[in-house]
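Open your viewer and get ready to select residues by number. This tour goes stop by stop, telling you what to pick and what to look for.

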Amino acid sequence: MKLMVKSTALLAGAAFAFAAAGASWAQDAAPAAEPAQGTSEAATEVSADTIVATVNGEVITLGHLVVARYALPDQFQSLPDDVLFDALIDQLIQQTVLGQAMGEMTRRAQVQLDNERRSIVAAEHIGKVVSDAVTDDAIAAAYDAEYADAEPSQEWDASHILVETEEEAAALLEELEGGADFAELARTKSTGPSGPNGGALGWFGPGMMVKPFEDAVTGMAAGDVAGPIQTQFGWHVVKLNDARMKGAPALDEVRADIVSKLENDAVEQALAALLGAADVERADVSGIDPTVLSDPTILD
């Protein structure tokens, strides 16, 4: 399997190396004469079925080129379309003559093709399911269901200094009363992960901190410092930076989360319905050693 993928990459690389060289040469060459003023080249009407090459009777269409273009490795994606166009035709011609020379498809190739077809068709159906489910109306309805009745909730923005003993915490309070900078003390004395950040914890709501900590900030005003406060993590000196009542977020703030949930729910529901209606028979695989998955010679 790896050999097949590597061979395809080598073939693509060869085709695009020639294309890149041609593009470089073209840039150095004299520019082509421009059409006379008032004249224009007639545009060719094209479709996915427009034939761009024929190899021993087997046609290659513009549709094949478009699909091949989006399947290119990353290093070729930035090449301009005028370079890619001829290079893709060359690549597909090369693949066609090689495939024709191979004759009957090997078991390995057939199995890979079967899996790729399953994957492509499944992705197409998932795209349709998601497109049908994620509409502006569905997003608005999901937002209303989640947040229409949301009550404003209290949030706090606090910093803390965490130390091992009550005595250390009390000593810190004395330093703060004497004018020491809270953030600097946190950076030099705190044993908690927020220490390097000056003890800043950011905004948090009810239930996000251990109860003794939350109880302390609940009774504080912005700018207050409290302590020593004991939790299972040690002893804290806490500074309340700010407090607010936070209501429902704006739709734009949570749109991505709503879309993700709608997509996941739609796919799960569609899959459950399809599996429920399908006649699936699992064979007894108890006698198969799972290590066979790592043996590609089974496909030879």
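Which residues do ring pairs link into a cluster? Select W156, F204 and F213: ring pairs link these three into a cluster. Keep in mind that you are looking at a predicted model.

**Stop 1: the ring cluster**

Stay with the rings. A pair of aromatic rings is described by the distance of the centres and the angle of the planes. A search of the whole structure turns up three aromatic pairs.

Start with W156 and F204. Their ring centres are 5.9 Å apart, and the planes make an angle of 40°. This aromatic pair is tilted. Now show the strands. W156 lies in strand β3, residues 153-163, and F204 lies in strand β4, residues 200-204. The pair therefore ties together parts that are 48 residues apart in sequence.

Next, select F204 with F213. Here the ring centres are 6.2 Å apart and the planes stand at 65°. Planes over 60 degrees apart count as edge-to-face, so this pair is edge-to-face.

**Stop 2: charges over rings**

Select R244 and W203. R244 lies over the face of W203, at 3.8 Å from the ring centre. Then go to R69 and Y70. The charged end of R69 sits over the ring of Y70, and the distance to the ring centre is 5.4 Å.

**Stop 3**

Select helix α2, residues 62-70, and helix α4, residues 81-102. How do they pack? Their axes are 10 Å apart, at an angle of about 110°. That makes α2 roughly perpendicular to α4.

Now show the side chains at the contact. From α2, pick L62, H64, L65, A68 and R69. From α4, pick D81, L84, F85, L88, I89 and L92. Colour them by type: eight are nonpolar, one is polar and two are charged.

Stay on α2 for a moment. Which of its residues are buried? They are L62, G63, L65, A68 and R69. What do they pack against? The buried residues of α2 pack against β1, β2 (58-61), α3 (74-77) and α4.

**Stop 4**

T96 has a relative accessible area of 11%. Buried means under 20%, so T96 counts as buried. Leave out residues up to four places away in sequence, and T96 touches V55, E58 and I60.

Follow the contact to V55. This residue is in strand β1, residues 51-55. V55 is buried as well, at 7% relative accessibility. What does V55 touch, not counting residues up to four places away in sequence? Its contacts are I60, I93, T96, V97 and Q100. Select I93 with V55 and draw a distance. Their C-alpha atoms are separated by 6.8 Å, although the two residues are 38 residues apart along the chain.

**Stop 5**

Select N56. You will find N56 in the loop between β1 and β2. Is N56 buried or exposed? N56 is exposed, with a relative accessible area of 71%. Check its backbone as well. N56 is not a glycine, yet its phi is positive, at about 50°.

**Stop 6: helix α7**

Select E175 in helix α7, residues 166-177. E175 counts as partly exposed, at 33% relative accessibility. Not counting residues up to four places away in sequence, E175 touches A180, L185 and K189. Take L185 from that list. It is 10 residues from E175 along the chain, and their C-alpha atoms are separated by 8.8 Å.

**Stop 7: a cis peptide bond**

Select G227 and P228. A cis peptide bond joins them, with omega about -10°. P228 sits in strand β5, residues 225-231.

**Last stop: the whole chain**

Zoom out and show the cartoon. How many helices and strands does the chain have? There are 10 helices and six strands. Of the 300 residues in the chain, 26% are buried. Now think about contacts between residues at least 6 apart in sequence. Of these, 65% join residues at least 24 apart.

Notes
Residues numbered from 1 in each chain as written. Predicted model: local features only at pLDDT ≥ 70, side-chain atom pairs only at ≥ 80, totals over all residues. Heavy atoms only, no water. Phe/Tyr/Trp six-rings, centres within 6.5 Å; stacked < 30°, edge-to-face > 60°. Helix = DSSP H or I, 4+ residues; strand = E, 2+ residues; numbered from the N terminus. Lys NZ or Arg CZ within 6 Å of the ring centre and 35° of its normal. Axes fitted to C-alpha atoms, helices over the stretch in contact; angles between N-to-C directions. Parallel < 35°, antiparallel > 145°, perpendicular 65-115°, else oblique. Contact = heavy atoms within 4.5 Å. Nonpolar A, V, L, I, M, F, W, Y, C, P; charged D, E, K, R; others polar. Buried < 20%, exposed > 50% of the residue type's maximum accessible area, 1.4 Å probe, protein only.
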